[in-house]
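Please read them with the structure open.

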Amino acid sequence: MEATAEDFITVRGLEKTYAGERPVPALLRVDLAVEEGTFLGIMGQSGSGKSTLLAVLGAICHPTAGDVRIDGIDVYALSNERRADFRRAYLGFVFQSFNLVPYLTALENVTVPLTVARMPFAQKRRRAMDLLDRVGLADRATHLPSQLSGGEQERVAIARALVNDPLLLLADEPTGSLDTATGQEIMGLLTELNAEGLTIVMVTHNPANLDYFHRAVGLRDGRVECEQTLDPVTPAVGPVLTDRDPDSQRPLPA
Amino acid sequence: MNLRGIAFRNLRRRKARAAFLVVSMLVGIATVVALLTVTRALTAQAQDEMDRFGANILVTPKTDSVALNYGGVDIGGVSVGARDMPEADVARIRTIKNEETLATVSPVLLGPADANGRQVLLMGARPDAIFELKSWWSVSGRPLAGDDEAVVGFRAARRLGLRMGDPVRIGRHELIVTGILRHTGSQDDDLLVITLPVAQDVLDRPGRVTLVEIAALCAMCPVEEVVRQIGGAVPDAKVTAMQQVVESRMHALDQLRTLGYAMAGVVIAIEALVVFITMMGSVSARTTEIGVFRAVGFRRTHVVMLVLTEAMLASALAGALGYLAGMGAGYAVIPFVGDAAARIAWSPLVAGIALGLALTVGTLATIYPALRASRLDPTDALRAL
């Protein structure tokens with residue numbers, strides 16, 4: 001797809017080669033343009049480069065060549081520390097294996113991204129509680145991850161990804177370790193969030209998830225092999241989480 | 001929740017690792033505290049004992065000596081000046097600025113006298129001061145207590161045929177022998193010790209003394225300074241520091257301290273190594289977690305602060321517990337290495353040193369692991385991505 005001025009994510013000539021005795025090319029001249037509010041699926045077999053693409057989009061993996069612009073910001077032109085600020089201001093991550101901090105309660109896990117934010121403690125706590133309530137876990141706020149089921153942990157991870165009010169949610173196989181019913185619940189939740197205006201890029205290898213995407217990109221051997229525009233299911237929309245003016249650019253935290 | 005909260009919860013959750021970290025530091029701090037307190041107690045004891053060992057300052061009448069020789073042949077010399085000094089000088093010695101350093105001031109009058117018809121070396125002294133100063137004197141019977149009593153040296157007693165309870169006539173005074181000095185092998189064996197007023201009367205030198213022996217506690221100021229001050233207080237007297245005694249005292253204390261510090265240094269180095277290895281292990285075990293922190297927007301400095309805060313919390317706890325454990329160890333050890341006079345003292349300074357040392361060592365030993373954690377690539381940390 002050709003990039004336009006209105007695109008929220010623009011990827012041009014992206015290449016990534018992992019250094020080593022035998023360098024491993026992971027991405028080869030990837031171009032991508034994603035409009036704001038899109039629910040994009042990245043699909044492909046193991047080793048196709050989909051997780052690397054997600055990491056590069058997530059500003060945590062420096063590409064070998066090419067550039068990535070999110071909301072007009074050239075992400076890899078930022079210094080290392082400013083890139084951390086960018087992640088805190090713009091992005092939310094949902095990891096495949098949840099990656100909750102094992103010694104923190106569900107509520108504390110949700111507040112982790114706000115730890116270094118300049119915000120009153122009560123406000124952090126209130127926001128985290130609201131999100132736990134939104135994902136249906138208000139009564140599990142004081143439980144440790146080890147006391148939660150896989151689906152509940154995934155919901156906590158989603159609440160954590162939303163607590164900083166991100167513009168882009170990056171999800172890596174969020175249903176990969178869940179049973180079918182729980183996986184569908186999580187996909188329903190993500191679809192709701194997308195319907196409220198949140199742009200989501202999700203890596204998956206499960207074809208059943210195609211039903212939820214606006215677009216799907218297929219990767220093979222680090223190249224975009226195919227792209228498909230889809231007609232996703234439309235969920236009932238819950239309370240709107242973001243009230244962003246689409247023309248404004250979010251400032252990075254000081 | 002802030003970084004401190006995360007660090008605290010990590011320590012609380014990983015109890016075994018936290019306990020190992022705290023205990024390893026605690027042992028080091030406790031060892032240092034025990035060494036410091038025991039060394040301080042032994043130093044104080046040694047100082048006390050050495051101060052009791054005898055005089056380290058001698059005040060004598062000022063004399064001018066003139067060496068006589070002729071054609072390179074030494075034919076002796078003459079001393080010109082007073083043979084004694086006023087007893088009032090003793091009170092003036094007590095007026096010096098560092099008076100608190102003067103542990104014992106003992107005026108003495110010496111002179112030959114006739115006792116039971118035989119010549120002896122008479123020593124007039126203040127009973128409390130002379131027996132405190134000459135702590136090596138061992139008396140059969142009891143020390144001098146009043147003007148009608150005498151204590152006789154070992155050889156003098158034999159020569160005069162005196163035993164305890166015997167009367168001895170000196171001039172117009174009839175005294176009772178209350179004690180006999182055990183053999184010392186020194187000139188003290190020839191003495192007949194009586195009180196200063198009686199000696200002044202017998203020797204017909206009222207209000208005069210031959211010399212003043214002083215034991216000065218020199219921990220607070222150099223003995224040379226005390227000598228200078230006494231010289232100013234009694235300008236007509238000659239004040240001499242017995243340098244050898246002072247130097248050997250200081251040397252002994254220095255050796256004790258050096259040994260303590262060297263041992264403490266070794267223990268602290270081992271402690272730092274243990275903290276370093278433990279924190280490196282902790283960072284390696286938390287790779288994923290640190291990757292999550294970085295991915296959600298923690299800066300490298302935030303990760304450094306997080307790891308350092310964790311080490312500092314453990315260090316503070318180890319410092320406080322280490323101080324208490326070290327004091328306990330000090331109390332347990334001191335009976336075996338010191339005598340009954342040695343006392344362990346609770347000291348805010350040592351508590352401060354324990355806490356400061358624990359925090360410093362804990363922080364310094366964690367700097368590299370913290371930097372390493374901050375340099376972890378979030379992509380490597382999150383292998384799932």
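**Notes on salt bridges, cysteines and confidence**

1. Start with chain B. B:R286 and B:E289 form a salt bridge, with the closest N and O atoms 2.9 Å apart. A salt bridge here is a side-chain nitrogen of Lys or Arg within 4 Å of a carboxyl oxygen of Asp or Glu. B:R286 is buried, at a relative accessible area of 4%. B:E289 counts as buried too, at 7%. The classes are buried (under 20% relative accessible area), exposed (over 50%) and partly exposed in between, with a 1.4 Å probe and protein chains only. Elsewhere, salt bridges that share partners join A:R82, A:D85, A:R88 and B:R299 into one network.

2. Basis of these notes. This is a predicted model: local features need pLDDT of at least 70, side-chain atom pairs count only at pLDDT 80 or more, and totals for chains, interfaces and linings use all residues. Residues are numbered from 1 along each chain as its sequence is written, chains are lettered from A and ligands numbered from 1 in the order written, and side-chain values use heavy atoms, leaving out hydrogens and water.

3. Confidence in chain A. The mean pLDDT (the predictor's confidence in each residue, from 0 to 100) is 85 for chain A, and 89% of its residues reach 70 or more. Over residues 235-244 of chain A the pLDDT is below 50. Beyond near neighbours in sequence, that stretch has 24 contacts in the model, a contact being heavy atoms within 4.5 Å.

4. Salt bridges overall. In one of them, the side chains of A:E152 and A:R140 meet at 3.3 Å, N to O. A:E152 lies in helix 5 (residues 150-162) of chain A and A:R140 in the loop between helix 4 (121-134) and helix 5, so the pair ties together parts 12 residues apart in sequence. Helices (H or I, at least four residues) are DSSP runs, numbered from the N terminus. A:E152 counts as buried at 18% relative accessibility, whereas A:R140 is partly exposed at 22%.

5. Helix 5 again. A:R155 forms a salt bridge with A:E185, the closest N and O atoms being 2.4 Å apart. A:R155 is in helix 5 and A:E185 in helix 6 (residues 180-195) of chain A, so the pair links distant parts of the chain, 30 residues apart. A:R155 is buried at 17%; A:E185 is partly exposed at 44%.

6. Cysteines. How many disulfides does the structure hold over all chains? The count is 0, a disulfide being a pair of cysteine sulfur atoms within 2.5 Å. A:C61 counts as buried at 3% relative accessibility. A:C226 counts as partly exposed at 42%.

Definitions and conventions. Helix = DSSP H or I, 4+ residues; strand = E, 2+ residues; numbered from the N terminus.
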